[in-house]
Amino acid sequence: MDPLNTQHGMPESEAAAEARRLIDDWASKPVRHHPTSFRDDTEPPAFGTTPPVKQEDHRIVPAWAAGIAVASIGVGAGVTGIGCGAWLVLQGLSSVTLNGVLMVTLPFAGLAMAATAIGGAISKARAAVTKNVFEGPVTHHTEIHNNSTTRGAFFARTRNEIR
């Protein structure tokens, strides 16, 4: 069965006439051309102000998406600033010498030494001189109870309880 040559309800001559009529009907209609550009050839005024021309607002991006884009740019700029600051700090730390470290930490070490000396002097001054002498027997009692249990065969686990 050939679907191209099989008649489905209309003789071939009648189908050809109908096809010709549809093609002629389509060809007789004018083709609409949509301009893709416009050129205004009128001369602008030599002086004076030009009245404003209303321009329609055709936004491509929704307002919420534009807000997110602006926020992400701000976050990116902030992170970039933090990264630059960290880079500067690390560059400064990489150029540290032993003499520089000693000069920076010397005042802190001096303050710490002075605070320790003052604290020790205060501690010695406040301490009362006491002499405790204990007379009597001293006993020491130690008692160990060891319970050891092993569970399992291949992967055995031993548990020791010492009280």
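Phe47 counts as exposed, at 72% relative accessibility (exposed means over 50% relative accessible area, buried under 20%, and partly exposed in between, with a 1.4 Å probe and protein chains only). This residue is found in the loop between H1 and H2, where helices (H or I, at least four residues) and strands (E, at least two) are DSSP runs numbered from the N terminus. The model is predicted, so local features need pLDDT of at least 70 and side-chain atom pairs count only at pLDDT 80 or more, while totals for chains, interfaces and linings use all residues. Residues are numbered from 1 along each chain as its sequence is written, and side-chain values use heavy atoms, with hydrogens and water left out.

**Overall form**

- The protein chain comprises three helices and two strands, arranged along the sequence in the pattern α-α-α-β-β.
- With a radius of gyration of 49 Å, well over the 15 Å that the globule rule gives for 163 residues, the protein chain is more spread out than a compact globule.
- The radius of gyration is taken over C-alpha atoms, and the globule rule is 2.2 Å times the number of residues to the power 0.38.
- The C-alpha trace of the protein chain spans about 135 × 85 × 30 Å along its principal axes.

**Surface and charge**

- Of the 163 residues in the protein chain, buried residues make up 0%.
- The protein chain has an accessible surface of about 16700 Å², and 63% of this belongs to carbon and sulfur atoms; accessible areas come from the Shrake-Rupley method with a 1.4 Å probe, and for residues only the protein chains shown count as cover.
- The 14 positive and 14 negative charges of the protein chain have mean positions 28 Å apart.
- In this count Lys and Arg are positive and Asp and Glu negative, whereas His and the chain ends are not counted; the place of a charge is taken as NZ of Lys, CZ of Arg, CG of Asp or CD of Glu.

**Salt bridges**

- The structure contains three salt bridges, each defined as a side-chain nitrogen of Lys or Arg within 4 Å of a carboxyl oxygen of Asp or Glu.
- Arg21 and Glu18 are joined through their side chains in a salt bridge of 2.6 Å, N to O.
- Because Arg21 and Glu18 are three residues apart in helix H1 (residues 12–28), about one helical turn separates them.
- Arg21 is partly exposed at 45% relative accessibility, and Glu18 is partly exposed at 32%.
- A salt bridge also links Asp24 with Arg20, with the closest N and O atoms 3.6 Å apart.
- Asp24 and Arg20 are four residues apart in helix H1, so they are separated by about one helical turn.
- Asp24 is partly exposed at 40% relative accessibility, as is Arg20 at 48%.
- Arg39 pairs with Asp41 in a salt bridge whose closest N and O atoms are 3.4 Å apart.
- Arg39 counts as exposed at 69% relative accessibility, and Asp41 counts as exposed at 62%.

**Loop residues and distances**

- Thr36 lies in the loop between H1 and helix H2 (63–94) and counts as exposed at 82% relative accessibility.
- From C-alpha to C-alpha, Thr36 and Thr50 are 26 Å apart in space and 14 residues apart in sequence.
- Phe47 and Ser148 are 101 residues apart in sequence, and their C-alpha atoms are 108 Å apart in space.

**Confidence**

- The protein chain has a mean pLDDT of 82, and 91% of its residues reach 70 or more; pLDDT is the predictor's confidence in each residue, from 0 to 100.
- Among the elements of the protein chain, H1 has the highest mean pLDDT (91) and strand S2 (residues 157–162) the lowest (73).
- Where pLDDT is low, predicted coordinates should not be read in detail.
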